[in-house]
Amino acid sequence: FGLRMTWNLGVIRLKFRVEDGGFELHRKVPYDYDSEYQDLYMKIASALTEGHISVNEALIFQSEVKQNKHTARSGIFLRDFPGRLILYPGLAATCAVIFF
């Protein structure tokens, strides 16, 4: 494909950059406790490389993922306040709160 990609694994989010010489794309992917975002981005990338979707469709899907258009309402509730407050005691008890 002639693409160059760099990754920056941060404490709060994963940042990656893709460029082909004429276009450069930057994305920040928040870490989540069940890896839903990473799974959806991987499915988009696989569909793009296998030719099932075009680059324009992949960019649209990525924007929709960031807007939570492909996430269940229960997942959105648990990822944001006040729903996140319900999970914190359990996460703190298992020391998993640093990943949430």
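This is a predicted model: local features need pLDDT of at least 70, side-chain atom pairs count only at pLDDT 80 or more; totals for chains, interfaces and linings use all residues.
Five elements, β1 (4-9), β2 (13-19), β3 (24-30), α1 and α2, each supply at least two residues to the lining of the largest pocket. Of the 23 residues that line it, Leu3, Met5, Val18, Leu48 and Gln62 are the closest to its centre. Helix α1 gives the most to the lining, with seven residues.

Now step back to the whole chain. The protein has four helices and three strands, and along the sequence they follow the pattern β-β-β-α-α-α-α. Of the 100 residues in the protein, 25% are buried. Among the contacts with a separation of 6 or more, 22% are between residues 24 or more positions apart.

Let us return to Gln62, which we met close to the centre of the largest pocket. Gln62 is part of helix α2. Is Gln62 buried or exposed? With a relative accessibility of 11%, Gln62 counts as buried, because the cut-off for buried is under 20%. Leaving aside residues up to four places away in sequence, Gln62 touches Leu25, Arg27, Tyr41 and Ile44.

Two of those partners, Tyr41 and Ile44, lead us on to the largest nonpolar core. This core has eight residues: Tyr37, Leu40, Tyr41, Ile44, Ala47, Ile53, Ala58 and Val65. The elements that give two or more residues to it are α1 (36-49) and α2 (55-66). Helix α1 gives the most, with five residues. Remember that α1 also gives the most to the lining of the largest pocket.

Two members of the core are worth a visit. Leu40 touches Val65, which belongs to the core too, and Leu40 also touches His70; residues up to four places away in sequence are not counted here. Ile53 is found in the loop between α1 and α2.

Moving on past α2, you reach the loop between α2 and α3, where Asn68 lies. Asn68 is not a glycine, yet its phi is positive, at about 65°. Asn68 has a relative accessible area of 22%, so it is partly exposed.

Our last stop is helix α4, made up of residues 83-93, where Gly83, Arg84 and Leu91 are buried. These three residues cover an arc of only 65° around the axis, so they sit on the same side of α4. What do the buried residues of α4 pack against? Their partner is α3 (73-79). On the other side of α4, the exposed residues are Leu85, Ile86, Pro89 and Ala93.

Note on methods
Residues are numbered from 1 along each chain as its sequence is written. Side-chain values use heavy atoms; hydrogens and water are left out. A nonpolar core is a set of buried Ala, Val, Leu, Ile, Met, Phe, Trp, Tyr and Cys residues joined through side-chain atoms within 4.5 Å. Buried means under 20% relative accessible area, exposed over 50%, partly exposed in between (1.4 Å probe, protein chains only). Contact means heavy atoms within 4.5 Å. The arc is that of the directions from the helix axis to the C-beta atoms. On a 1 Å grid over the protein atoms alone, a cavity is a set of points where a 1.4 Å probe fits but cannot get out, and a pocket is an open set with protein on both sides within 12 Å along at least five of seven lines; lining residues have an atom within 4 Å of a point.
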